[in-house]
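The exercises below ask you to read ligand surroundings and a domain interface from a model. Try each task with the structure open before you turn to its solution.

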Amino acid sequence: MSEYPNLLAPLDLGHVTLRNRVIMGSMHTGLEDRAKELPKLAAYFAERARGGVGLIVTGGYAPNRTGWLTPFSSKLTTRREARGHRIVTDAVHAEGGLIALQILHAGRYAYHPFSVSASALKAPINPFKPRALSDRGVRRQIAAYVDCAALAREGGYDGVEVMGSEGYFINQFLAERTNKRKDRWGGSAENRRRLAVEIVRGIRERVGPDFLIIYRLSMADLVEGGQDWDEVVALGKEIEAAGASIINTGIGWHEARVPTIVTSVPRAAFTSITASFRPHVQIPVVTSNRINLPQVGEEVLARGDADLISMARPFLADPEWVLKATTGRADEINVCIACNQACLDHVFAKRHASCMVNPRAARETELVLLPTRRTRRIAVVGAGPAGLSAAVTAAERGHEVELFEADNELGGQFGIARRIPGKEEFAETIRYYERRLELTGVKVHLGHRAVATDLEGFDEIILATGVVPRIPSIPGIDHEKVLSYVDVVRHGRPVGKTVAVIGAGGIGVDVSEFLTTVDSPTLDLAAWKAEWGVTDPRTAPGALTKPHPEASPRQVYLLQRKPGKVGAGLGKTTGWVHRAALKSKRVEQLTGVNYERIDDEGLHLTFGPNHENPRVLAVDTIVICAGQEPVRDLATPTTHLIGGADLATELDAKRAILQGTELAATL
Ligand code: FAD
Ligand code: NAP
Ligand code: SF4
């Protein structure tokens, strides 16, 4: 008897059977954008198909140039392009998988001057104002979707997913927020959904019955002027009648000010919305967002929230997610921690997506881990992300590895990160490495600060000794009210009611959230919904209500010497969430400061290059988050340095894990 009977049950869709209830959802990697990258895309998807996923959905392809997300990004408009996709679809089919192509028209989210939409209304997240389509123009867009689906079929795909959510083109017609038309495509809800319904109907007529059509339906727009519940349900019924095979759940527009997938969003936070929708249609319904473990997916399906689950990023993190769940090895899953650092943040920076915890993702043909031909004895010093990734990768390749860690637990600085409210998922990465150390037979010396003599006799020595907090030279820095972030977060040293945080980088921001959160951090769904103003979409259009964040237990000042906004270096897709959280907790942000001295009165500041406007922050505690310094005392000309030990500046776990993996791949 499987541990996950619902998750792993096949699903008969008439002309085809899915081998389980797990869909790899659409995730743009950047490999879609160039024909020459298709072999890499094929390898990437083939690895996921081999890992047992029921159905794969590709990243989005525009049905025409106006629908491009950015100039020259992925599109499928010609038979030549369709033929090129055979390498991808054949590779997936050879592994027993199924694959559907997502058709994504950006509408007013297009980052180019030729964008079109229902009305000429600029999106708040895009400088380009779209052109409002004429009636003929709308019909041409529908024809483009239909042609694109037919080309997908020619390219060997098993189906298409019509992207109707997240605020893209179709969604822009559906919501009054963006559709101010007076013709047959606007005004009444029936008129606003005509575009979506005609696209699905047109595709079904063209492709025939034995081809999957998934429609991604926005069940909660999470924006003002979003659809109300009656509209959502009516749309679902008409999409079903128009010939869709499956309805997938979309949550939130990209311009919404509610986070929907970052790590602080509780797991499976939105599946209850799919559950409310499901009884209204007969076809299978998919739920999504922040499902990352088999147990979570199983619970969602057992509860009857949906027929299938869709996960995108978890398949970047672990291509064998399904296989491991099927073979009783769920504890070996490399869990997506929803950090967005190497996937979505890369896409927004026009870099190829990969994964922080799995640097091979979308680089399967480049970062190849072959068994070693010559087993060597390797010492790794430091069990932070850099040392952990190096140790397990080297051991997996057949080396004999010993890992030394001064602390009594694994994880290094990452073990501090996991104690931050909203970063609880980070513990999964440490758990994953712990299991892999066991499986690969790495000899671990915990609570053992390595010295030079420990490292004698090894063929290779990898120093992953990381970083220690920088102590800035401010007069009075030794005052008893001064603590480091390690003292506060790791060792739970008491902190007063008023606190100044020195340094507003990633750690300063995290520590401020730690200090302004009541009690111990938990990913509590009700509290999270109250904080962000999310409610049941059946009671409020767009599922939005007034936010009621919990008051902070203390007054926090967050300080930096640079002028400009705090947290400017945070990730594109996560920085705004942190900034909004600080605002809701009334953290006072002071920039352009000079730290003059610390004494019994508190922290003495001046501002600007001329040291003007003196101010004393009469705080009980001062927490130092002023960056870090590398630890390299064991370095010699022959040791390998990785992670923070190599370079403390702009260090993050993404670079640490990548460096560890890449080095171990070459030894
Ligand atoms: P470290 O994590 O510093 O690990 C080094 C290890 O070496 C330590 O465990 C240390 O005890 C051990 N060591 C040192 N000397 C010896 C010795 N002689 N013998 C044995 N062991 C030794 N990064 C992100 O990417 N995303 C985030 O969201 C994020 N959030 C963070 C939040 C907080 C609050 C903190 C503190 C950090 C955060 N980071 C984040 C940063 C991330 O944790 C670090 O970049 C990463 O841990 C660096 O990895 P490392 O392996 O190079 O070094
Ligand atoms: P950081 O981002 O480099 O920030 C250090 C802060 O300290 C800055 O605000 C800096 O600003 C200040 N500072 C530097 N030297 C100082 C000095 N001598 N005196 C006083 N202030 C000083 O480093 P971090 O916050 O320690 O984070 C470490 C790494 O962890 C980062 O590189 C980051 O990528 C990673 N991290 C990432 C996340 C994430 O969400 N992705 C979260 C946490 C950490 P001023 O010089 O202007 O004062
Ligand atoms: Fe998940 Fe982070 Fe990897 Fe993206 S980079 S897939 S969010 S673990």
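**Exercise 1.** Find the distance from a backbone N or O atom of Gly644 to an oxygen atom of ligand 1, and then describe the surroundings of ligand 1.

*Solution.* Begin with Gly644, where a backbone N or O atom lies 2.7 Å from an oxygen atom of ligand 1; a polar contact is a pair of N or O atoms within 3.5 Å, and within protein one must be able to donate a hydrogen and the other to accept it, while residues adjacent in sequence count only if both atoms are side-chain atoms. Next, a backbone N or O atom of Ala653 lies 2.8 Å from an oxygen atom of ligand 1, and for Gln413 the corresponding distance is 2.8 Å. Taken alone, ligand 1 exposes 1000 Å², of which the protein buries 92% (accessible areas come from the Shrake-Rupley method with a 1.4 Å probe; for residues, only the protein chains shown count as cover). Finally, 37 residues surround ligand 1, the closest being Gln341, Glu405, Lys423, Gly644 and Ala653, where a residue is near a molecule or strand if one of its heavy atoms lies within 4 Å of it.

This is a predicted model, in which local features need pLDDT of at least 70 and side-chain atom pairs count only at pLDDT 80 or more, whereas totals for chains, interfaces and linings use all residues. Residues are numbered from 1 along each chain as its sequence is written, chains are lettered from A and ligands numbered from 1 in the order in which they are written, and side-chain values use heavy atoms, with hydrogens and water left out.

**Exercise 2.** Which residues come nearest to ligand 2, and how much of its accessible area does the protein cover?

*Solution.* Of the 21 residues around ligand 2, Ala504, Ile507, Arg561, Lys562 and Leu651 come nearest. A polar backbone atom of Ala504 is 2.8 Å from an oxygen atom of ligand 2, and one of Ile507 is 2.9 Å from an oxygen atom of ligand 2. The protein covers 77% of the 890 Å² of accessible area that ligand 2 has on its own.

**Exercise 3.** How many salt bridges are counted between domain 2 and domain 3?

*Solution.* First locate domain 2 (377–469 + 630–666) and domain 3 (482–517 + 552–626), whose bounds come from an automatic or database domain assignment. The count between them is 3 salt bridges (a side-chain nitrogen of Lys or Arg within 4 Å of a carboxyl oxygen of Asp or Glu).
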